[in-house]
Protein chains: 2
Amino acid sequence: MTLQGNALIIQSGGPTAVINQSLAGIMAASRDYPDKIHNVYGAYHGLHGVLYENLLDLSCEESSVWRTIAVSPGAALGSARIKPRHSDLDRIFEVFTAHKIKFVFYNGGNDSAEAAQLIREEANRRHYEVRILHIPKTIDNDLMVTNHCPGYGSVAKVVSHIIAGDDLDNRSFFNSVKINVVMGRHAGWIAAATAIAKKGHIDIEDDDEVGPHLIYLPEVEFNEKKFLGDVQKTYNRIGRATIVVAEGIADQLSEDKFAGEVDEFGNALLSSSGKLGDYLSNLIKKNLVYNSAFGKLRCRADTLGYLQRSLAGMSSPTDQADAFLVGSMGVHYMMKGESDKMVTLVRIPGEHYKCETSLCDLKLVAQKTKLMPRSMINKEENGVTEEFYQYALPLAGSVPEIHALKPQHLKKKLMDYIRPEK
Amino acid sequence: MTLQGNALIIQSGGPTAVINQSLAGIMAASRDYPDKIHNVYGAYHGLHGVLYENLLDLSCEESSVWRTIAVSPGAALGSARIKPRHSDLDRIFEVFTAHKIKFVFYNGGNDSAEAAQLIREEANRRHYEVRILHIPKTIDNDLMVTNHCPGYGSVAKVVSHIIAGDDLDNRSFFNSVKINVVMGRHAGWIAAATAIAKKGHIDIEDDDEVGPHLIYLPEVEFNEKKFLGDVQKTYNRIGRATIVVAEGIADQLSEDKFAGEVDEFGNALLSSSGKLGDYLSNLIKKNLVYNSAFGKLRCRADTLGYLQRSLAGMSSPTDQADAFLVGSMGVHYMMKGESDKMVTLVRIPGEHYKCETSLCDLKLVAQKTKLMPRSMINKEENGVTEEFYQYALPLAGSVPEIHALKPQHLKKKLMDYIRPEK
């Protein structure tokens with residue numbers, strides 16, 4: 001007999017701009033299986049909702065609701081960063097049994113994959129029949145096997161648009177060094193995506209002029225001396241610099257003052273602190289040799305914060321489509337009997353972006369991190385290669401079209417000016 | 001005889017997302033007066049370019065160039081934060097004379113109006129015939145007389161979209177308090193604009209649920225005890241809070257550690273530091289009484305930084321049009337003989353947004369700051385009134401359409417869960 005019962009959707013970890021597209025995808029595809037999936041429930045705030053039996057009845061929502069929720073950032077069901085403790089497992093299966101949960105969609109990153117695996121193993125031990133699929137979600141783009149992760153394309157779009165404008169803002173001033181700290185603890189995918197800003201420039205032949213000029217990734221050993229040398233070289237060439245660093249490089253610095261709170265998975269809080277930016281900014285202020293004829297050194301640092309994953313109205317259409325796809329395909333796979341796997345995105349080679357889905361074993365994903373391959377990192381280890389652009393441009397879905405003036409300087413008619421102090 | 005000669009455009013102070021629209025407006029209208037305006041020059045990096053005779057020949061650029069530059073953030077001519085010293089005045093008029101500058105467009109904020117006034121007075125003293133108009137530009141929206149300032153609409157759009165998404169991100173977690181520090185030293189126009197985020201929500205009847213819940217403006221005395229009381233009340237009502245503070249409230253705090261560099265106009269650097277956010281965040285962490293059954297308190301602070309004024313691809317169409325308008329009308333006014341004035345935006349009352357231009361005396365603008373009127377601040381002094389929405393919504397030009405799920409909780413079937421420590 002075919003498995004029948006209720007489905008449960010769990011949103012977990014940090015939200016993305018398109019996490020609700022996956023939710024909408026699951027809701028849409030679930031309607032194709034009325035004989036197997038009786039009701040679809042949502043865990044209210046992830047595993048917290050399961051433990052405390054806080055479940056949402058999603059089947060009673062009108063289907064039109066999901067169209068607008070799909071384009072809204074933030075986890076519509078509520079999220080949590082809870083790791084199931086051994087002592088929680090009894091309770092989880094009590095709740096599953098009481099509510100006839102037979103299908104579980106765990107939407108999250110590699111920590112969630114680990115949680116899904118724990119629940120799976122316990123289900124086997126108890127001979128509780130349940131199918132579990134992991135639906136990938138993470139702005140970090142660091143899940144194994146899948147070509148990319150839903151959530152990444154939108155953050156790539158947001159940070160590249162931010163840096164495109166920020167570089168023009170920086171260009172407005174003399175002696176201006178700007179540091180931008182972006183998310184990414186172990187992998188530099190988000191930092192690398194800021195390079196997309198370069199591709200929006202019209203009519204600039206000398207690519208060197210266009211920022212971001214330097215990008216520092218956690219995959220590469222961070223060396224303060226090399227960093228200062230890179231900044232000095234950029235300053236010497238063009239009189240300014242737009243720099244991007246992944247927050248994860250903080251782990252490599254001798255100062256341990258960057259560490260903050262720790263969650264249940266042992267991840268330290270790096271965002272929501274300006275400390276790394278301030279540290280690097282002070283390093284530059286102390287060490288950069290600059291031309292004071294153009295005024296004081298202007299060194300600024302911004303930490304981009306949570307807006308990277310949640311900016312309303314600026315998500316990538318490609319990312320939205322992919323997020324919907326992994327959700328809906330998750331339902332179809334499960335109804336064919338699949339379980340204990342993650343839905344993956346498989347890129348079809350060709351001139352135009354095309355993507356299909358497949359499945360991979362959960363254990364290939366749980367607790368693992370996909371770093372950027374060396375072939376996408378330039379040989380100076382402070383930027384990306386063309387291979388990265390080919391990978392990331394279609395995911396971000398759009399490039400900010402911008403244009404900087406190529407100055408035509410007027411011939412001088414006067415003697416040089418020495419500005420008096422007063 | 002009519003005045004003839006070359007025109008000079010000066011971009012000054014902090015860039016906006018639409019500062020180059022005004023430049024494009026001046027360039028476009030200048031072509032209507034080939035007999036009066038011979039060439040149009042740009043000061044390369046504001047007053048710095050004038051002093052050091054670094055002028056750009058803008059007349060030689062193809063007219064199509066300005067269309068793409070117009071939509072790019074950052075000061076295309078380069079900006080500066082230089083105040084003309086008494087000792088600089090000789091040099092300024094040497095440069096004006098050498099390059100036959102007869103028409104000056106000073107594009108900036110109230111500091112630039114002051115600089116324009118200084119140059120005006122010196123021109124009179126020397127009987128140097130020159131017309132000077134101030135073209136308003138500032139994200140702060142704090143210039144007197146004009147209904148609003150070009151640059152403000154775009155920052156209003158950017159921050160409202162950011163906060164709309166951020167509030168949904170915040171809503172994803174239990175016990176979550178999020179602080180966002182936005183620009184605005186003396187006036188709260190930018191902080192107030194984040195309230196526009198509320199207007200994008202579909203289908204939420206209870207407006208209380210939707211953030212930003214609390215907005216703190218420099219116009220109102222900041223009181224830590226009242227602040228904590230406000231946050232506690234919001235937490236008690238909905239279990240979380242999305243807070244916006246204008247950076248300017250730092251000036252009111254007893255701690256003087258928020259002060260940083262000072263520019264030539266005496267303005268202290270408030271942006272590009274996470275200190276205010278960290279301070280308020282610690283205040284909340286120390287004092288908020290929260291329900292630990294929902295987990296730990298999650299308190300985060302982001303300082304939005306320079307992207308507020310420079311986010312590529314997200315400027316307000318209304319703001320773009322207004323910025324172009326003040327530039328082009330500046331040329332038309334000047335060719336009619338007007339000088340020593342600022343171009344103002346005059347809002348035409350009516351259901352749909354309509355704007356005209358007029359002129360006002362420079363001295364009504366220089367060194368003055370237009371604060372938010374009390375009628376736009378709510379009586380609790382932590383938010384805005386309907387009057388503000390009517391003022392700001394058309395300027396931002398768009399509202400992020402978002403939707404949060406109204407949870408339908410499933411009836412519980414089990415006993416309450418007490419989670420073991422391990």
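Modeller: I start with Gln11(B). Leaving aside residues up to four places away in sequence, Gln11(B) touches Ile19(B), Asn20(B), Leu23(B), Gly46(B), Ala75(B), Ala76(B), Leu77(B), Gly78(B), Ser79(B), Ala80(B) and Asn107(B). The model is a predicted one. Gln11(B) sits in strand β1 of chain B, which covers residues 5–11. Its relative accessible area is 0%, so Gln11(B) counts as buried. A polar atom of the Gln11(B) side chain lies 3.0 Å from the backbone nitrogen of Leu77(B). For the backbone nitrogen of Ala76(B), the distance to a polar atom of that side chain is 3.2 Å.

Charged pairs come next. Over all chains, the structure holds 36 salt bridges. One of them joins the side chains of Asp169(B) and Arg309(A), at 2.8 Å from N to O. Asp169(B) belongs to helix α6 (residues 152–171) of chain B and Arg309(A) to helix α10 of chain A, so this pair links two chains. Both Asp169(B) and Arg309(A) are buried.

Within chain B, Asp230(B) forms a salt bridge with Lys226(B), and their closest N and O atoms are 3.0 Å apart. The two residues lie in helix α8 (residues 224–238) of chain B, four residues apart, about one turn of the helix. Asp230(B) has a relative accessible area of 7% and is therefore buried, whereas Lys226(B), at 33%, is partly exposed. Another salt bridge has the side chains of Lys341(B) and Glu338(B) meeting at 2.9 Å, N to O. Here Lys341(B) is partly exposed at 23% relative accessibility, and Glu338(B) is partly exposed at 25%. In chain A, salt bridges with shared partners connect Asp90(A), Glu122(A), Arg125(A) and Arg126(A) into one network.

Now the interface between the chains. Contact involves 99 residues of chain A and 99 residues of chain B. About 8400 Å² is buried between chain A and chain B, with 56% of it on carbon and sulfur atoms. On the chain A side, Leu405(A), Tyr417(A) and Arg419(A) lose the most area to chain B, together 10% of what that side buries. Four salt bridges cross this interface. Arg419(B) and Asp88(A) have side chains that meet in a salt bridge of 2.8 Å, N to O. Several elements of chain A each supply at least two residues to the side that touches chain B, among them α2 (46–51), β3 (55–57) and α9 (275–287). The largest share of that side, eight residues, comes from α6(A). By class, the side of chain A that touches chain B has 46 nonpolar, 23 polar and 30 charged residues.

In chain A, 23 residues of domain 1 are in contact with 21 residues of domain 2. These domains bury about 2000 Å² between them, and carbon and sulfur atoms give 53% of that area. From domain 1 of chain A, α5 (110–126) and α11 (317–335) each supply at least two residues of the side that touches domain 2. That side divides into six nonpolar, eight polar and nine charged residues.

Definitions and conventions
Residues numbered from 1 in each chain as written. Chains lettered and ligands numbered in written order. Predicted model: local features only at pLDDT ≥ 70, side-chain atom pairs only at ≥ 80, totals over all residues. Heavy atoms only, no water. Contact = heavy atoms within 4.5 Å. Buried area = accessible area lost by both parts, 1.4 Å probe. Nonpolar A, V, L, I, M, F, W, Y, C, P; charged D, E, K, R; others polar. Buried < 20%, exposed > 50% of the residue type's maximum accessible area, 1.4 Å probe, protein only. Polar contact = N/O pair within 3.5 Å; in protein donor to acceptor, adjacent residues only side chain to side chain.
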